[in-house]
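Dear colleague,

Please find the structure below, handed over for your review. My notes on it follow.

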Amino acid sequence: MSKTIGWDIGGANLKAVLLGEQGELLYAKQLACPLWLGLEKLTESIISMLELLGCAAYSVNHAVTMTGELVDLFNNRQEGVMQIAQCVSKHLGQDILFYQMADHSQQVSFVSIDQVSIASSAIASANWHASASLVAKKHPFSLLVDIGSTTTDIISIINGQVISSNWTDALRLQQDTLLYT
């Protein structure tokens, strides 16, 4: 197994974790990435992050989550997911995997760049589920509070399962498990 970089592409920040060949955490970093100013900001942040991590783009595996598709740069979520995915693949290669939250199952699922267009609604804003799924493996009875620049996710984990009766942002806002400020 080779090293992997996990990327979270937000509207204001780019986060990355470098995992070793055995899945151990080697490095975690966050950089400002004002995506609403243009995709070139994402490009700059990706290049800077790779330098900070000491990795060549093609020497590691890549897994991506995102919320940046929500910035005003894009006309809608699908367009945002597509443009971000294309930008990322341009700089990291075609073997990237994108986290998707396709249904209410507890299965962790990834899609390739070729599947992004049909899975865009399942990729959009799925980072909360990715984080919660990881926490659930280590802490089967927990409450995850994920505070971002503009949103806070409040996620219950019971018996190692992510508990949410609503999986879309709109429904989670109504349920008060996603707060926007």
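Which side chains does a polar contact of 3.3 Å join? The two partners are Gln-175 and Thr-177. Please note that the model is a predicted one.

Gln-175 belongs to helix H5, which covers residues 169-175.

Helix H2 is described next. Helix H2 spans residues 77-92, 16 residues in total, and reaches 22 Å from its first C-alpha to its last, close to the 22 Å expected at 1.5 Å a residue. At its start, the backbone nitrogen of Gln-78 has a side-chain oxygen of Asn-76 within 3.2 Å. Just after the helix, Gly-93 adopts a positive phi of about 105°.

The buried residues of H2 are Gly-80, Val-81, Ile-84, Ala-85, Cys-87, Val-88, Ser-89 and Leu-92. Their packing partners are the strands E1 (4-9), E4 (61-66) and E5 (97-100), together with H1 and helix H3 (116-123).

Helix H1 (residues 39-53) contains Leu-52. This leucine is partly exposed, at a relative accessible area of 40%. On the surface, Leu-52 forms a nonpolar patch with Leu-26 and Tyr-27, and the accessible area of the three together is about 250 Å².

Yours sincerely

Conventions. Residues numbered from 1 in each chain as written. Predicted model: local features only at pLDDT ≥ 70, side-chain atom pairs only at ≥ 80, totals over all residues. Heavy atoms only, no water. Helix = DSSP H or I, 4+ residues; strand = E, 2+ residues; numbered from the N terminus. Polar contact = N/O pair within 3.5 Å; in protein donor to acceptor, adjacent residues only side chain to side chain. Patch = residues over 30% accessible without salt bridge, like charges linked within 9 Å, V, L, I, M, F, W, Y side chains within 5 Å. Areas by Shrake-Rupley, 256 points an atom, 1.4 Å probe, with all protein chains shown as cover. Salt bridge = Lys/Arg side-chain N within 4 Å of Asp/Glu carboxyl O. Buried < 20%, exposed > 50% of the residue type's maximum accessible area, 1.4 Å probe, protein only. Expected span 1.5 Å × (residues − 1). Contact = heavy atoms within 4.5 Å.
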